[in-house]
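Load the model and keep the selection tool at hand. The stops below go from surface to pockets.

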Amino acid sequence: MKEIKENIAKDVVILCERYPALESVKEEIVEAYFLLAESYKNGGKLLVAGNGGSAADAEHIVGELMKGFKLPRKPQAEFAEKLVRENAELGTVLAKSLQGALPAIALDGHPALSTAYMNDCEPLLCFAQQVNGYGKTGDVFLGISTSGNSKNVLYAATTAHAKGMKVIGLTGAKNSKLEQMSDVCIKVPQTETYMIQELHLPVYHCLCLMLEERFFGENN
C-alpha cells in the first residue's frame, strides 16, 4: 500500500473498525483515493454513473464532494476578496456562504439530454455520450455496478479510457468485466445486491472524507 498521511489514513482505520468486512478492500480504497487526489490536484474532475440504487449513490457522492461534508470549506481569501470587489453587497454574502468544491458530475442527473440521446441514438450509450462530452485527460470515471457487468457503465468506462481518464470500479465480490476494465476496482465482499449497496455507502463516504481532509483540512 502506498504511504498515506496519518490524518487521512485515520478515515480508513475508522471504516475498517466499523465495518470489519471492508478490511479486505482497504488497499483498493487507498489506491482509489490516490487516483482521485491526483486528478483533483491537477484540475481534474470526477464523473460518476450507476443504475437504480447505484444512480442514487452517484448523486450522493456528488453531494458530498461539491459542498462541505464534515469540514468547513471557506472560500480562499483571494477569491473572497474578488467577490467583494465585484459587488460589495452581493459579494459579501457570497464570500460568507460559498463553500469549496471538488468538481463531480453524476451522469444520471440530466434527463433532457439522456432521453434525447436514448430516443435518437443508442440507449445503452447514454453514460458514454456524457463521458465523451464532459471527460478529458486526467479526469476520473467512477462506475458503480453491483454486478460489475452493467453494459451502460462498461461503455462509459471504455470511453473514459479512450479519453485518457482513469477508471475506478465499485462492485460486489464476483469477478466482472468492470473489474477487468478498471485501474482500481473496489469489490466489496458481498454478492447479494442490497448487501453490496449497504457496503458501497461506507466505502464512498470514506473516500469523500479522505479527499476533503486532503484538500480542505488544516494540514492540506
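This is a predicted model: local features need pLDDT of at least 70, side-chain atom pairs count only at pLDDT 80 or more; totals for chains, interfaces and linings use all residues.

**Stop 1: the surface patch**

Select Phe-79, Leu-90, Leu-94 and Leu-98. Together they make a nonpolar surface patch of about 340 Å². Where is it found? Leu-98 sits in the loop that runs between helix H5 (88-97) and strand S2 (104-106). Its relative accessibility is 35%, so Leu-98 counts as partly exposed. The cut-offs for that class are 20% and 50%.

**Stop 2: the largest pocket**

The volume of the largest pocket is about 270 Å³. Colour the lining by class: you get seven nonpolar, four polar and two charged residues.

**Stop 3: the second largest pocket**

Move on to the second largest pocket, with about 200 Å³ of space. Which elements give two or more residues to its lining? They are helix H1 (6-18) and helix H10 (193-216). H10 gives the most, with five residues.

Select the lining in two steps. Start with Asp-11, Ile-14, Leu-15, Arg-18, Tyr-19, Phe-69 and Lys-70, which are among the lining residues. Colour by class once more. The lining of the second largest pocket divides into eight nonpolar, one polar and three charged residues.

Note on methods. Residues are numbered from 1 along each chain as its sequence is written. Side-chain values use heavy atoms; hydrogens and water are left out. Patches are made of residues with over 30% relative accessible area and no salt bridge: like charges are joined within 9 Å, nonpolar side chains (Val, Leu, Ile, Met, Phe, Trp, Tyr) within 5 Å. Accessible areas come from the Shrake-Rupley method with a 1.4 Å probe; for residues, only the protein chains shown count as cover. A salt bridge is a side-chain nitrogen of Lys or Arg within 4 Å of a carboxyl oxygen of Asp or Glu. Helices (H or I, at least four residues) and strands (E, at least two) are DSSP runs, numbered from the N terminus. Buried means under 20% relative accessible area, exposed over 50%, partly exposed in between (1.4 Å probe, protein chains only). On a 1 Å grid over the protein atoms alone, a cavity is a set of points where a 1.4 Å probe fits but cannot get out, and a pocket is an open set with protein on both sides within 12 Å along at least five of seven lines; lining residues have an atom within 4 Å of a point. Grid points are joined across faces, edges and corners, and a volume is the space filled by probe spheres set on the points. Ala, Val, Leu, Ile, Met, Phe, Trp, Tyr, Cys and Pro count as nonpolar, Asp, Glu, Lys and Arg as charged, and the others, Gly among them, as polar.
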